Amino acid sequence: MAWILLVVAGLLEVGWSVGMKYTDGFTRLWPSVLTIAGIAASMLLLSRAARTLPIGTAYGVWVGIGAAGAAVLGMTVLGEPAGAARIFFVVLLLVAVVGLKATSGH
């Protein structure tokens, strides 16, 4: 169950990190409300997952999912550059997340 909570927390991190782009510096009400709710929910689920999982693993996976997801959405939805090197490093991030999961002992 902790891994499911952690993956959902990571996906929420993707949502709130991309959502910040739409808050216009937290001057737009509804994008700001949704972004802040995403931050709170993501942190809550991370803290619940960290009750069972080692914090280094939980935090690393959470950040990895968030960073990779935000980069992919940036490239596919927001028109950010999608060069071969950038895609390679996003894949490398995902490999690191899988490696942390595989070596966590849980």
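Trainee: How many helices and how many strands are there in the chain?

Mentor: The chain has 4 helices and 0 strands, where helices are DSSP runs of H or I with at least four residues and strands are runs of E with at least two, numbered from the N terminus. This is a predicted model, in which local features need pLDDT of at least 70, side-chain atom pairs count only at pLDDT 80 or more, and totals for chains, interfaces and linings use all residues. Residues are numbered from 1 along each chain as its sequence is written, and side-chain values use heavy atoms, with hydrogens and water left out.

Trainee: What makes the span of H2 close to the expected one?

Mentor: Helix H2, residues 29-49, has 21 residues and reaches 30 Å from its first C-alpha to its last, against an expected 30 Å, the expected span being 1.5 Å times one less than the number of residues.

Trainee: Which residues of H2 are called buried?

Mentor: Among them are Pro-31, Thr-35, Gly-38, Ser-42 and Leu-45, buried meaning under 20% relative accessible area, exposed over 50% and partly exposed in between, with a 1.4 Å probe and protein chains only.

Trainee: What covers the buried residues of H2?

Mentor: The cover includes helix H1 (2-23) and helix H3 (55-76).

Technical notes: Contact = heavy atoms within 4.5 Å.
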